[in-house]
Amino acid sequence: MNLATLFVLCRLVHFAAVMLMFGISLFTALLSPQRLSPILSRDVRPLLLAGTWIAGLSAVALLAIQAGQMGDGWEDAWRLEVWWAVLGTTFGEVWRWHLGLSLLAILSLLLPERPRAQALALCSVLLLVSLAFIGHAAMHEGTLGVLHRANHAVHLLAAGYWFGCLAPLLVCLRYLQPPQWRSDAITTLIRFSRWGHLAVAAVIVTGIVNSLIILGGWPLNLSSPYQRLLLIKTALVALMVMVALANRYAIVPAMSRVPALAQRGAKVDQLSANDLSPLMLAVKMNNKANVEALLAAGASVNLSNKAGY
């Protein structure tokens, strides 16, 4: 496996881990009522621990892979002097903060339950926002660059809410059955749905703006790998939105009239949550890799100037 492929895979893992950390901590700290929050926190704690550690370790791995890409390959990926040179580039200036936030997130695991969720929510917000300052959002300078980064930050936060809350959402569905937890579970789901509408709208609008800024128009050139992947991602988003709308405005109202439909509705939720979202995230990460490949040559020159190669 070459460094470019490994970078794409590691980036996919890192984005998924940060979004998972964001969604779980937000769901348990802000969306869940105080009585249900400790129960949900206990259930999703192993997943939160794994996501936080994977986010931190993959952040270090991305630095090493970037060093190898900007240097002379695998050998430079493990040389600390090349790491320091990378940290002096535009990418590195952002990644220094990103690594620090990843360390703070890991240290937050030592806090008591409620402060831990709040600290991880804050760290994951800052981690997602910092990711908007690298990659294709860093292509432009001036006012357009500021707008592009701000738009991409909102895009990542909205996508993080959408993707990251799926795991605790599925756990929360189990508490609809016990009578003592039903009202709290319903309250949580209503809060998730209310903010979910806004998150979905933000993902769509900011995604369109991102595409227009990068391409200068609509992705209609099927000979371009980037535009083909972008169209696939758009189709997946449209499919998820249709499933969500059908579930929210057709299936859920029908459940109140015909309780036997509840099990069928749960299956629809599980399809959209477990199958479509990870696939969309994978397409998104591969799509970004195409843009970043175009920037690699310029980054290599920058590293060479700073490292004296």
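How many residues does α6 have, and what does α6 reach from its first C-alpha to its last? Point 2 takes this up, after a word on the model.

1. Please keep in mind that this is a predicted model: local features need pLDDT of at least 70 and side-chain atom pairs count only at pLDDT 80 or more, while totals for chains, interfaces and linings use all residues. Residues are numbered from 1 along each chain as its sequence is written, and side-chain values use heavy atoms, with hydrogens and water left out.

2. To the question, then: α6 has 18 residues and reaches 26 Å, close to the 26 Å expected at 1.5 Å a residue. That expected span is 1.5 Å times one less than the number of residues. Helices here are DSSP runs (H or I, at least four residues; strands are E, at least two), numbered from the N terminus.

3. Stepping back, the protein chain holds 11 helices and 0 strands. Of its 309 residues, 49% count as buried (under 20% relative accessible area, with exposed over 50% and partly exposed in between, using a 1.4 Å probe and protein chains only). Among contacts between residues at least 6 apart in sequence, 74% join residues at least 24 apart; contact means heavy atoms within 4.5 Å.

4. Back on α6, its buried residues are R116, A117, A119, L120, A121, C123, S124, L127, L128 and S130. They pack against α1 (3–31), α2 (37–70), α5 (90–108) and α7 (142–164).

5. S124 deserves a look. This serine lies in helix α6 (residues 113–130) and is buried, because its relative accessible area is 0%. Its side chain reaches the backbone oxygen of L120 at 2.7 Å, and a polar contact is a pair of N or O atoms within 3.5 Å (within protein, one must be able to donate a hydrogen and the other to accept it, and residues adjacent in sequence count only if both atoms are side-chain atoms). Leaving aside neighbours within four places in sequence, S124 is in contact with V18, M21, F22 and S25.

6. A119 is also placed in helix α6. A119 counts as buried because its relative accessibility is 18%. Not counting residues up to four places away in sequence, A119 touches S108 and L111. The C-alpha atoms of A119 and L109, 10 residues apart along the chain, are separated by 8.8 Å.
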